[in-house]
Amino acid sequence: MLAVQLARQRSAAIAGKASLLACKRHFSDPSKVRQNVFKEVLKTERKQIGLWTGLRNTLVAEMLSHVSGMDWFVIDMEHSPNELNDVLLQLQASQHGAAEP
């Protein structure tokens, strides 16, 4: 029981730090283009964790980007009811998170 609580606290702390770092990265200088962390990490040996989402919901995209602890996620348009406008709204909702959409 204690191990589960400690694991939850640790994952929450990691997600919080990642979100804070992402915010610093995006808001440090508004005149600069956003750095693609996903591409930078591909150059290293570090493994990345991500998922595909087919849910047509901006809240899901925001949660995946800000608090899930994922490194990346893909918004699927082929196997889901997502239309172009839906994807645009999901990208806008997730643009300041830690996960790369």
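I looked up the largest nonpolar core first: seven residues, V60, A61, L64, F73, I75, V87 and A99. Core here means buried Ala, Val, Leu, Ile, Met, Phe, Trp, Tyr and Cys residues joined through side-chain atoms within 4.5 Å; buried is under 20% relative accessible area, exposed over 50%, partly exposed in between (1.4 Å probe, protein chains only). Two elements give two or more residues to this core, α3 (58–66) and β2 (72–75), and α3 has the largest share with three. Helices (H or I, at least four residues) and strands (E, at least two) are DSSP runs, numbered from the N terminus.

Note on the source: this is a predicted model, where local features need pLDDT of at least 70 and side-chain atom pairs pLDDT 80 or more, while totals for chains, interfaces and linings use all residues. Numbering runs from 1 along each chain as its sequence is written, and side-chain values use heavy atoms, without hydrogens and water.

Next I went along α3. Its buried residues are V60, A61, L64, S65 and H66. Leaving out residues up to four places away in sequence, L64 touches L51, T53, M70, F73 and A99 (contact: heavy atoms within 4.5 Å).

At the start of α3, a side-chain oxygen of N57 comes within 2.8 Å of the backbone nitrogen of L59.

Last, I checked Q90 in helix α4 (residues 84–94). Q90 counts as buried, because its relative accessibility is 1%. Beyond four places in sequence, Q90 contacts L55, R56, N57, T58, A61, I75 and N82.

Conventions. Polar contact = N/O pair within 3.5 Å; in protein donor to acceptor, adjacent residues only side chain to side chain.
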